[in-house]
Amino acid sequence: MLVKSFNDFRLLFRLMRVLIIGCGRMGSVAAEDLSLRMDAAEVVVADKNLEVAKETVRKIGRSNVSWLQLDAANQKELVGSLKDFDLTLGFLPPKLGFRLVEACIQTGKSLVDVSYMPENPLVLHEKAVDANVTIIPSCGLAPGISNILVGHAIAELDKVERVHILVGGLPEKPVPPLGYTITWSPNSLIDEYTFKARIIKSGQIVEVEALSGLEEVDFPGIGRLEAFYTDGLRTLLYTIRGVDEMWEKTLRYPGHVDKIKLLRDLGFFDDEKIAVDGVSLQPRRLTARLFEKMLHKSNVRDVVALKVEVYGLKNGGKIRHTYTLIDYYDEKSGVTAMARTTAYTASIVAQLILKGSISLKGVVPPERLGMDKGIYQQIMAELEKRGIKVAAETCVE
């Protein structure tokens, strides 16, 4: 073939093009990691806010990163943009996550997604298989790393009986007034405090009230914390069969839940608008803005704590697999522990797809990655390269 133009050259030696939608605290970190680790790839960051997208590119400062203005709520615009890329990473609000999955299937593009979508993406599995794409939903910290670890443990057992997940993003020390600082979306944080949590009890999926199941736990390396049910199991509810008990609980410093319950009971999380001096105002939106203003403290270092325990049977004996992860704010890069564990996980999985190490098709939940020994080892090795270490222990009960 005669190369007559730059476009012809690109057709012969085309760079892989990756679209990262959402330039917030997580998307920007994933973009930088992917552009650094795969410098032969062209990384495009997209956001509805043009200035945010441009500033993300400026901060990353790499020649293989560019920007695109994109309103992901506009399905036609979204579908049109996806056609030019090999793979997409989604860091969108929960209400847009499922629509992004549908758009990627429609355009035949693979996706690694972090959004906390309320819908079950597994219902789109057959469509994704038919489109020959790989869709990895809930691929962050929890759900994400937690699912991968659960999957790995289950692959080692003959039968799984119980799964317990404890996870939290915290300031290194309690910060008044809530003993907490925000490192992610304030709207998603409020969802965590208000949405009912789905757990498995006596082999059945049941709903429990948000902030219920309160207990105090001693977390090695951090100290005394409190834990409460949150709706973080996601795809595990449908992919792990025959389990007697399974739940996720979020970790906070003691006293946090009582303060959040007070805000909830006073109506600060309500969706119904109220009139204030002639202005119609949604309490939840105001609270989210106040959380962003008062709880986002860039000078406070954070820590992520994750513990996964999987109980089951192996060769007739009772076995417990325990995985523990503690990660800290990176002083050198200025990246929070929450962004490290969330964004790096998504970036690593995306890179494994681009390199062909993950070739599974359809909607592939993170626990399925953990069940594959080769994929699991690659993910753990890449996390460790970034200083994120998971300690694993197997005990006979």
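Predicted model: local features only at pLDDT ≥ 70, side-chain atom pairs only at ≥ 80, totals over all residues.
**A parallel sheet, its helices and a cluster of rings**

Let me start with two neighbouring strands: strand β1, residues 17-21, and strand β2, residues 42-47, run parallel and are joined by five bridges. Within that pairing, Ile21 stands opposite Ala46 in β2.

How do the strands of the wider sheet follow one another? Seven strands form an open sheet, and if you trace them across you meet them in the order β3-β2-β1-β4-β5-β6-β17, with parallel pairing. The edges of this sheet are β3, residues 65-69, and β17, residues 362-363, each of which pairs on one side only. For those of you new to this, strands of a sheet pair through backbone hydrogen bonds, and the pairing can be either parallel or antiparallel.

Now to the helices that lie against these strands. Helix α3, residues 50-60, lies across β2 and β3, and runs at about 175° to β3. Helix α5, residues 94-107, also packs on the sheet, where it touches β1, β4 (87-90), β5 (110-113) and β6 (134-136), and its direction makes about 165° with that of β5. Please find Lys95, which has its place in helix α5. Is Lys95 buried or exposed? Lys95 counts as exposed because its relative accessible area is 65%, and exposed means over 50%. Lys95 and Asp270 are 175 residues apart in sequence, while their C-alpha atoms are 18 Å apart in space.

A contrast in surroundings comes with helix α12, residues 337-354, which has 18 residues and reaches 25 Å from its first C-alpha to its last, close to the 26 Å expected at 1.5 Å a residue. Helix α12 is mostly covered, with 18 of its 18 residues buried, and it is followed by Gly356, whose phi is positive, near 85°.

Let me turn to the aromatic side chains. A pair of aromatic rings is described by the distance of the centres and the angle of the planes. How many aromatic pairs does the structure hold? There are four aromatic pairs, and I will take you through two of them. Tyr193 and Phe228 form a tilted pair, at 6.3 Å centre to centre and with 40° between the planes. This pair links distant parts of the chain, since Tyr193 belongs to helix α8 (residues 186-194) and Phe228 to strand β11 (residues 223-229), 35 residues apart. Tyr193 counts as buried because its relative accessibility is 0%, and Phe228 is likewise buried, with a relative accessible area of 0%.

Phe269 and Phe291 make an edge-to-face pair, with 6.3 Å from centre to centre and 70° between the planes. Here too distant parts of the chain are linked: Phe269 is in the loop between α10 (256-265) and β13 (274-276), Phe291 is in helix α11 (residues 283-295), and the two are 22 residues apart. Phe269 is buried, with a relative accessible area of 5%, and Phe291 is buried as well, at 6%. Taken together, Tyr193, Phe228, Phe269 and Phe291 form one aromatic cluster.

The charged end of Arg234 sits over the ring of Tyr116, 3.7 Å from the ring's centre, and Lys249 lies over the face of Tyr229, at 4.7 Å from the ring centre.

Terms used. Residues numbered from 1 in each chain as written. Heavy atoms only, no water. Phe/Tyr/Trp six-rings, centres within 6.5 Å; stacked < 30°, edge-to-face > 60°. Helix = DSSP H or I, 4+ residues; strand = E, 2+ residues; numbered from the N terminus. Buried < 20%, exposed > 50% of the residue type's maximum accessible area, 1.4 Å probe, protein only. Lys NZ or Arg CZ within 6 Å of the ring centre and 35° of its normal. Pairing = 2+ DSSP bridges. Contact = heavy atoms within 4.5 Å. Axes fitted to C-alpha atoms, helices over the stretch in contact; angles between N-to-C directions. Expected span 1.5 Å × (residues − 1).
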